[in-house]
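My entries follow in the order I made them.

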Amino acid sequence: MGKVAVCTAAVCAAAVCAAAALVVRHRMRSSGRWAKAMAILKELEDKCGTPTGKLRQVADAMAVEMHAGLASEGGSKLKMIISYVDNLPTGDERGSFYALDLGGTNFRVLRVLLGGKEKRVAKQEFEEVSIPPDLMIGTSDALFDFIADALKKFVDTEGEDYHLSPGRQRELGFTFSFPVKQTSIASGTLVKWTKGFSIEDAVGQDIVGELTKSLERVGLDMRVAALVNDTIGTLAGGRYDNPDVIAAVILGTGTNAAYVERAHAIPKWHGLLPKSGEMVINMEWGNFRSSHLPLTEYDVAMDVDSLNPGEQIFEKIISGMYLGEILRRVLCRMADEAAFFGDTIPPKLKIPFILRTPHMSAMHHDTSSDLKVIGSKLKDILEVSLSLSLSLSLSLCISNTSLKTRKVIVELCEIISIRGARLAAAGILGVLKKLGRDTVKEGEKQSSVIALDGGLYEHYTKFSNALESTLKELLGEASDSIVITHSNDGSGVGAALLAASHSQYLEVEDS
């Protein structure tokens with residue numbers, strides 16, 4: 001009996017020693033992995049660095065590219081497209097105007113009643129319509145007939161307030177968010193379809209002409225007064241609310257900027273100078289690139305894997321489509337090289353774009369003491385249980401590491417989003433530089449207002465706060481004269497306002 005007890009004690013002691021050794025080995029292995037994860041984090045932080053000096057270089061490069069793009073077609077990565085919008089809304093506009101906003105699988109039709117300086121936008125109504133999938137790959141006639149029919153039905157619900165005076169034609173602002181070569185304020189040829197559309201017979205056609213033919217076929221007497229993109233619509237909406245608005249920036253799924261340029265500062269413009277002396281330029285700034293941009297291996301790999309390698313580099317590091325994907329790629333490397341989520345990489349983590357920027361924003365804004373929002377997001381999206389992220393389920397090791405892991409994810413969100421926000425601010429500084437509005441001029445009190453819109457700016461608070469504080473940092477004392485304002489729904493109301501400011505009846509009313 002004594003021998004058995006001694007043996008049992010010896011076995012127990014050996015088991016305890018083995019378990020202790022296992023814990024020690026596990027801790028040593030974990031600390032090695034943790035050190036590797038921290039090294040990856042530090043490397044990302046260094047490569048995403050945006051010190052003030054670098055941002056000034058980016059702003060200078062943006063201003064140089066703007067000059068080059070205005071000088072000649074193809075002279076710059078920035079297309080600097082002449083929009084033919086030479087009259088922005090003043091607030092004096094009166095009457096009822098329509099807008100059509102086509103930019104994806106849904107389109108919106110709107111009508112607004114404008115009451116001049118006193119009543120402003122007195123009334124507005126809209127409807128959203130889904131496009132049947134077969135029309136997205138059918139014929140031009142089929143798509144535009146469907147849109148024209150929906151527009152006619154919407155017009156048929158017009159109330160007494162909106163009725164036009166006899167003999168007056170309805171006018172429409174058309175927001176068309178696909179690549180177009182603009183040829184006048186109300187014409188432009190389609191370069192290519194994106195976002196799941198593939199209607200071959202529309203490519204190379206005047207998109208306003210296609211819509212007008214369909215309007216005639218359904219018996220709707222309506223003139224397209226302005227063809228614009230959403231950035232120019234945002235600029236119009238901003239100017240309507242505030243005469244000091246000089247530029248608009250969209251920070252959403254994608255990014256773009258438009259601004260008001262002096263017509264004589266556009267060497268590639270060969271037509272008559274507009275009476276206003278101004279011309280709105282659609283920068284297409286998402287395509288900006290410079291050796292000063294702080295790019296990482298994750299950005300380069302994402303670009304190579306994209307549908308448009310080498311294009312839209314600025315957009316790929318600052319816009320909502322891509323921030324979550326950059327985070328996923330960093331986490332993939334941590335999972336692979338530092339066993340960040342245990343001995344196996346979570347299969348879902350390997351799916352491109354599974355981590356979207358709204359997920360990233362929710363994790364970044366997690367204020368709970370145990371960062372439970374991050375835990376639930378990772379569990380729901382990636383099927384990662386952080387409590388098991390050490391691969392060995394030893395409770396004494398788990399609790400600390402789980403919270404530590406979540407804290408690292410907060411740091412990654414911070415690094416990636418703040419780089420994007422600070423670079424967006426540098427881009428805005430570049431526009432201000434081009435216009436000579438980045439410094440204080442003695443004896444001159446000028447206010448420069450930038451209208452911003454887009455889901456990223458509107459909903460990712462840490463991003464928008466960083467953008468605004470960075471702009472102040474870069475401008476110094478000149479920041480008192482620069483104002484950022486949120487201009488909502490430029491692609492809708494803004495398009496209707498541009499129809500009003502380019503109405504065929506303006507000269508009649510002025511005379």
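**Hairpin.** I began with β6 and β7, which form a hairpin with two residues between them. Strand β6 covers residues 180–184 and strand β7 residues 187–190, and the two pair in the antiparallel sense over four bridges. Lys181 stands opposite Thr189 in β7. For the record, two strands count as paired if DSSP finds at least two bridges between them. Helices (H or I, at least four residues) and strands (E, at least two) are DSSP runs, numbered from the N terminus.

**Source notes.** This is a predicted model, in which local features need pLDDT of at least 70 and side-chain atom pairs count only at pLDDT 80 or more, while totals for chains, interfaces and linings use all residues. Residues are numbered from 1 along each chain as its sequence is written, and side-chain values use heavy atoms, with hydrogens and water left out.

**Overall counts.** I noted 16 helices and 13 strands for the protein. Of its 511 residues, 52% are buried. Buried means under 20% relative accessible area, exposed over 50%, and partly exposed in between (1.4 Å probe, protein chains only). Among the contacts in the protein with a separation of 6 or more, 74% are between residues 24 or more positions apart. A contact means heavy atoms within 4.5 Å.

**Five-stranded sheet.** I then traced an open sheet of five strands, in the order β4-β3-β2-β5-β8 and with mixed pairing. β4 (121–130) and β8 (222–228) each have a single partner strand and stand at the edges, so one side of each has no neighbour in the sheet. On average, neighbouring strands of this sheet are turned by 20 degrees against each other, direction ignored. Axes are lines fitted to C-alpha atoms, for helices over the stretch in contact, and angles run from 0 to 180 degrees between N-to-C directions.

Strand β5 (residues 170–176) pairs with β8 in the parallel sense over six bridges. I looked up the bridge partner of Thr175 in β8, and it is Val228. Helix α4 (residues 140–155) lies across β2 (94–102), β3 (106–115), β4, β5 and β8, and runs at about 40 degrees to β3.

**Six-stranded sheet.** Another open sheet has six strands in the order β1-β11-β10-β9-β12-β13, with mixed pairing. Its edges are β1 (81–82) and β13 (482–486), each with a single partner strand, so one side of each is left without a neighbour in the sheet. Strand β9 (residues 245–251) runs antiparallel to strand β10 (residues 255–262), and five bridges join them. Leu251 stands opposite Thr255 in β10. Helix α6 (residues 230–241) lies across β9, β10, β11 (278–282) and β12 (448–453), at about 135 degrees to β9.

**Tyr457.** I found Tyr457 in helix α13 (residues 455–459). Its relative accessibility is 8%, so Tyr457 counts as buried. Which residues does Tyr457 touch, not counting those up to four places away in sequence? They are Leu251, Leu452, Ser464, Glu468, Ile484 and His486. I also checked Ile250: Tyr457 and Ile250 are 207 residues apart in sequence and 8.1 Å apart in space, C-alpha to C-alpha.

**α10 and α11.** The axes of helix α10 (residues 357–364) and helix α11 (residues 372–382) come within 8 Å and cross at roughly 155 degrees. That makes α10 roughly antiparallel to α11. The cut-offs are under 35 degrees for roughly parallel, over 145 for roughly antiparallel and 65 to 115 for roughly perpendicular, the rest being oblique. His359, Ala362 and Met363 of α10 make the contact with Val373, Ile374, Lys377, Leu378 and Ile381 of α11. Six of the eight residues of α10 are buried, namely Thr357, His359, Met360, Ser361, Met363 and His364.

**α7 and α9.** My last entry is on helix α7 (residues 297–305) and helix α9 (residues 320–338), which pack at an angle of about 115 degrees with their axes 10 Å apart. That makes α7 roughly perpendicular to α9. In α7, the residues Glu297, Tyr298, Asp299, Ala301, Met302 and Asp305 meet Tyr322, Glu325, Ile326, Arg329, Val330 and Arg333 in α9.
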